[in-house]
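I'm opening my notebook on this one and jotting things down as I look them up. Here is what I had on screen.

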Amino acid sequence: VGYHDRILTLQTQNAGNFSAGHPTPGSWSTWSLDFNPTRGHSSLASVKKIVHIPSAEFLNGLTAVPTASGILLAADPGKGLVYRINTSKKSWSVFLDDPTLKPNLTASVKIGVNGVHVYRDQLYFDNTFQSPLLARVPFHPESAKKAGPVEVLFKAASFPLNEDNGQADDFSFDSEGNIWLASRSSSVVKLDIRKKTQKLIAGGPDDPTLIGTTATAFGRTKKDKGVLYITTNGGLSDPSVVGVIGGKVLALNTKGL
Amino acid sequence: VRSNGKLVVTLVNVPQVWQIDPTTHSAELVHEFESADGVLGIAEYDSDVFAVVSAVCSWDTMIEY
């Protein structure tokens, strides 16, 4: 386990004990936050609605398609779908409807596909509560439309799980193509797609530091290259370990891991 | 993560987006959404332009544990 350092704790509302939100179907919208400076605006970012998706039950992971300008792919864990959003036309359609995206109807929370990320003309995605842990599907780089069948990369998790909280939330790629997964069981796991290995890097179901891991992202500057930033919900999804303590952002130096 | 090294995070049970400077351990509010309860999913789809999703989500009514 590498060194990790708490950067900041954001105070989340402690509203008692709960393991999942109850999203209102039809209430989901996508928004743009533009950090480019604009004249006459002193706010950090200008915020505009992209599009409302009335049929979405729940929206969670989002990823951009770098080869298709202005296209986003968005996970709907409730319906078990991935939407394709055109940010300039403000339109959307279903990109993928597949059994690998569906929620486990016997799980404590009925959510399926969670994290979605594009890497080399394929969409990689995980499933929160049932097989597969990780799969991918190819798409046409310019149209960002599906171009082949879903390929399962990891059927099941081999790291310790808290069954009420599931296996997978969001993830990110490192420069060598490995996946750094924020598991739903308060841990960070490195998935090597070529060797088909799963390596527990930090945390576990009862880890108070990493309780409620939700996402990972690598630093982009010279100084924090190789530093993995990890977000948590502070126990919102599992108050049984330390209660709800506020979400955190942590930094992990992945050198040698 | 922005190209300038700052982190942009969404709060799942509060309709806010925050920017974090990992070098100074400080945070500032980027935006608070009206008529929403939480913000999820973030992706940079143009240079320094990020997308997020917002929703009405009753985080405070469900008691399971």
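This is a predicted model: local features need pLDDT of at least 70, side-chain atom pairs count only at pLDDT 80 or more; totals for chains, interfaces and linings use all residues.

**Entry 1: a glutamine side chain**

I began with the backbone oxygen of A156(A), which sits 2.9 Å from a polar atom of the Q198(A) side chain. Then I checked the backbone nitrogen of S158(A), and a polar atom of the Q198(A) side chain is 2.8 Å from that nitrogen. My rule for a polar contact: a pair of N or O atoms within 3.5 Å, where within protein one must be able to donate a hydrogen and the other to accept it, and residues adjacent in sequence count only if both atoms are side-chain atoms.

Residues are numbered from 1 along each chain as its sequence is written, chains are lettered from A and ligands numbered from 1 in the order in which they are written, and side-chain values use heavy atoms, with hydrogens and water left out.

What else does Q198(A) contact, leaving aside neighbours within four places in sequence? I found a list that includes L133(A), F154(A), V189(A) and L191(A). Contact here means heavy atoms within 4.5 Å.

**Entry 2: the sheet**

I placed Q198(A) in strand 15 of chain A, residues 197-203. Strands (E, at least two residues) and helices (H or I, at least four) are DSSP runs, numbered from the N terminus. I then traced an open sheet of four strands in chain A, in the order 12-13-14-15, with antiparallel pairing. Strand 12 (171-173) and strand 15 of chain A are the edges, as each pairs on one side only. Two strands pair if DSSP finds at least two bridges between them.

I looked at one pairing: strand 12 of chain A is joined by three bridges to strand 13 (residues 179-182) of chain A, running antiparallel. One partner I noted in strand 13 of chain A is I179(A), which bridges to F173(A).

I spotted a cis peptide bond between S131(A) and P132(A), with omega about 5°. P132(A) is in the loop between strand 9 (122-127) and strand 10 (134-138) of chain A. I found R120(A) in the loop between strand 8 (113-119) and strand 9 of chain A.

**Entry 3: where the chains meet**

How many residues of chain B are in contact with chain A? I got 50, facing 57 residues of chain A. The area buried between them is about 4,500 Å², with 67% of it from carbon and sulfur atoms. Buried area is the accessible area (1.4 Å probe) that two parts lose on being put together, summed over both.

I counted one salt bridge between the chains. R220(A) and E44(B) form a salt bridge through their side chains, at 2.7 Å, N to O. That term needs a side-chain nitrogen of Lys or Arg within 4 Å of a carboxyl oxygen of Asp or Glu.

**Entry 4: confidence**

I wrote down ipTM 0.91 and pTM 0.93 for the model. Chain B has a mean pLDDT (the predictor's confidence in each residue, from 0 to 100) of 88, and 88% of its residues reach 70 or more. Over residues 60-65 of chain B, though, I saw pLDDT stay under 50.
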